Amino acid sequence: MDSTDTVSTDVLIVGGGPSGLAAAIHLADSLKKRGIDDKRIMLIEKGNAIGSHNLSGAVIDPKIFKTFLPDVDISEIPLDSEVTVDKTMFLTETSDNALPFHPPYMNNIGNYSASISKLCKYLAQIAEDKGVEIYSGFAVEDVIYKDGKVSGVKTKDTGVDHHGKNLKNFQEGTTVEAAITILAEGTRGSVAKKVIDALDLDTGCNEQIYSLGVKELWSVPEGNIEAGTVYHTMGYPLQSGSEFGGGFIYGLEDNKVALGLVVGLDYKDPSFDVHAAMQVWKQHPFVSKILEGGTIQEFGAKTLPEGGYYAMPKFYDDNLMIVGDSAGFLTTARLKGIHLAIESGMMAAKAAAKALVSGDTSKASLSYYNELFEQSNAYEEMYRARNFRQAFDKGMLLGGLQFATQLITGGAGVLGRLRTEKDSEVLMSLNAFTGVPFAQRFEGKLEFDKKFTFDKVTDVFYSKANHEEEQLCHLVLNNPENYNKVNIEQYGCPEASFCPAEVYELHTDKEGHKELRIHAENCVHCKTCDIKSPAAGITWVVPYGGDGPDYEYM
Ligand SMILES: Cc1cc2nc3c(=O)[nH]c(=O)nc-3n(C[C@H](O)[C@H](O)[C@H](O)COP(=O)(O)OP(=O)(O)OC[C@H]3O[C@@H](n4cnc5c(N)ncnc54)[C@H](O)[C@@H]3O)c2cc1C
Ligand code: SF4
């Protein structure tokens, strides 16, 4: 893309994850079926290559590939292993017990483990073969509007110093005008967030709530775990009354194992630290014996939108559609979003093809996307679990009971629609929190040896995260004065605890004056700070294209 020009396209897709790539591929197919070959489809991805910013578990429900890639045999898709062993374990500090049954929706036999990075690379090749233009290493900063309607996007200006002054190599971002813009930015999309606000697309919706997943990929000695083995863990180190989540351990080909801890960001302890909790979890004998003799290969972290059906914004407007995680397509009860991301991309593609043929890209025309959703498998799956995550806001036990009533009543439960609060608003201040602080809870388990357990900076090394120094900091304090008064004085700088990449440091000088220091270069683009910072203290804006992690098999 030539950065000074205005580029025009028929359809522009922002984000090269499963949802964006599915939209691109299915749109190319749909147009071909209608005999149309003069429409331009562009896809822009901020990672330095397709797949480099994609992180998932991942165990994928493969049924979607039958409709998405009908001519491709499942054996040709670069999935990892078919799941043959599938157990849910309950951990206490010292014991592990397999549950005699799977929690509803969690059966994984017949599903496939996979690297989402690898899957995306494969899908990008298919898209390019069908004529889709893919531009990776470009960051979309905002949409542009014409007469109050979305009319395309602008990519980020580059060559700016950290005060915002233009340098010699300054290049203005490219304006891309598009008849239809499809936002596929994944969890907490930074452009989607602005558009949803600007167009009031979430009026009447539940607050979107999130989890943070921290993941490592290991290479282990043969025999530690078989490919196709899936373990999910409940219990330790999370507290059943106040922390929602659990661990995953997936045995992969070539003696690799993907493992991680996923924790709901509606926890209340301002000192809670998901990255450190994962290092504690790894020390549990059930987990440590699987990793014994192994070495870490990669590290990463990402959030997941968990609010479900009631938190989904209206995902279409004039010239605009939103797909995948950015629109909340994820079923928390299954820890799965990839098949829904693909299905949403396909539905948006069908609506886009119809709109291009009729020449009508208005919201009335694109509401066809919503019509398709209401008749889809995605709708059936998400509507059935519509109250699942909200039920757990008072803890796992009460949540389990509420969920049982939802199963009997087709998702309604006895209380009907359950609401949520913003993750940033449920954190307690230091004074209000009466529980045992995180460091005290896990005393003796928070010394990391850099071989088996890792501090954040060492783990970041394994994400290969990198950011060009000369740019405005992409982590914006919305109100610096208020940040000191509220986030530091009242909450003790929870960002230093919840950021899994040690981007935030609370520095105290000799006089005892405290200030926040930001090491933006470490950021792995998980978006937790944009979600969890008290008083909405921080906004994550997109850094230069190509910056960020460089995942290979996440
Ligand atoms: C720890 C963890 C475990 C999970 N486990 C599973 C599982 O086992 N099974 C399952 O089905 N699902 C799982 N999920 C969920 C699943 O990964 C997501 O639902 C899925 O990846 C969503 O696809 P997407 O295309 O919407 O977003 P993504 O895969 O996140 O892709 C979005 C893309 O957009 C790009 N982008 C974002 N903003 C911009 C911008 N402004 N400009 C340019 N590019 C941009 C990003 O770099 C990224 O490549 C898991 C998620 C996590 C975090
Ligand atoms: S700075 Fe924010 S987005 Fe980046 S790694 Fe830390 S919490 Fe995640």
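This is a predicted model: local features need pLDDT of at least 70, side-chain atom pairs count only at pLDDT 80 or more; totals for chains, interfaces and linings use all residues.

Student: Okay, so how many residues of strand 14 are buried?
Tutor: Five of the seven residues in strand 14 (residues 229-235) are buried, so the rest of the structure largely encloses this strand.

Student: Which strand pairs with strand 14 in the parallel sense?
Tutor: That's strand 4 (residues 85-91), and the pairing runs over seven bridges. To find a spot on screen, look for D86, which is opposite V230 of strand 14.

Student: And how does strand 15 run against strand 14, parallel or antiparallel?
Tutor: Antiparallel, with four bridges joining strand 14 to strand 15 (residues 245-252). Here Y231 faces I249 of strand 15.

Student: Switching topic: which residues touch the most other members of the largest nonpolar core?
Tutor: A24, I182, M321 and A352 do, in a core of 152 residues. Helix 7 contributes the most to this core, giving 13 residues. As background, nonpolar side chains in soluble globular proteins tend to be buried together.

Student: What is I182 in contact with?
Tutor: Skipping its neighbours within four places in sequence, I182 contacts V11, I13, A23, M321, V323, A348 and A352.

Student: Let me pick A127. Why does A127 count as buried?
Tutor: Because A127 has 26 C-beta neighbours inside 10 Å, and the cut-off for buried is 20 or more. You'll find A127 in helix 3 (residues 116-129).

Student: What does A127 touch?
Tutor: If you don't count residues up to four places away in sequence, A127 touches L21, A24, I25, A28, L43, V132 and I134. The C-alpha atoms of A127 and D29 are 9.6 Å apart, although 98 residues separate the two in sequence.

Student: And K149, where is that found?
Tutor: K149 is in strand 9 (residues 149-155). This residue is partly exposed, with 15 other C-beta atoms within 10 Å. K149 and I50 are 99 residues apart along the chain, and their C-alpha atoms are separated by 29 Å.

Student: Let's do helix 10. Which of its residues are buried?
Tutor: In helix 10 (residues 377-384), the buried ones are A378, E381 and M382. Looking down the axis of helix 10, these buried residues fall within an arc of 90°, so they line one face of the helix.

Student: What covers the buried residues of helix 10?
Tutor: The cover includes helix 7 (338-358) and helix 9 (368-374).

Student: Now the ligands. Which residues come nearest to ligand 1?
Tutor: G17, G186, G213, G324 and G337 come nearest, out of 45 residues around ligand 1. Among the elements giving two or more residues to this shell are helix 1 (18-33), helix 4 (190-198), strand 13 (210-219) and helix 7. By class, the shell around ligand 1 has 19 nonpolar, 19 polar and seven charged residues.

Student: And which come nearest to ligand 2?
Tutor: C499, V503, C523, C526 and C529, out of 13 residues around ligand 2. That shell divides into 10 nonpolar, two polar and one charged residues.

Student: Great, I'll go and find those on screen. Thanks!

Definitions and conventions. Residues are numbered from 1 along each chain as its sequence is written. Chains are lettered from A and ligands numbered from 1 in the order in which they are written. A residue is buried if 20 or more other C-beta atoms lie within 10 Å of its own, exposed if 12 or fewer, and partly exposed in between; C-beta atoms are placed from the backbone. The arc is that of the directions from the helix axis to the C-beta atoms. Two residues are in contact if their C-beta atoms, placed from the backbone, lie within 7 Å. A residue is near a molecule or strand if its C-beta atom, placed from the backbone, lies within 6 Å of it. Ala, Val, Leu, Ile, Met, Phe, Trp, Tyr, Cys and Pro count as nonpolar, Asp, Glu, Lys and Arg as charged, and the others, Gly among them, as polar. Two strands pair if DSSP finds at least two bridges between them. A nonpolar core is a set of buried Ala, Val, Leu, Ile, Met, Phe, Trp, Tyr and Cys residues joined through C-beta atoms within 7 Å.
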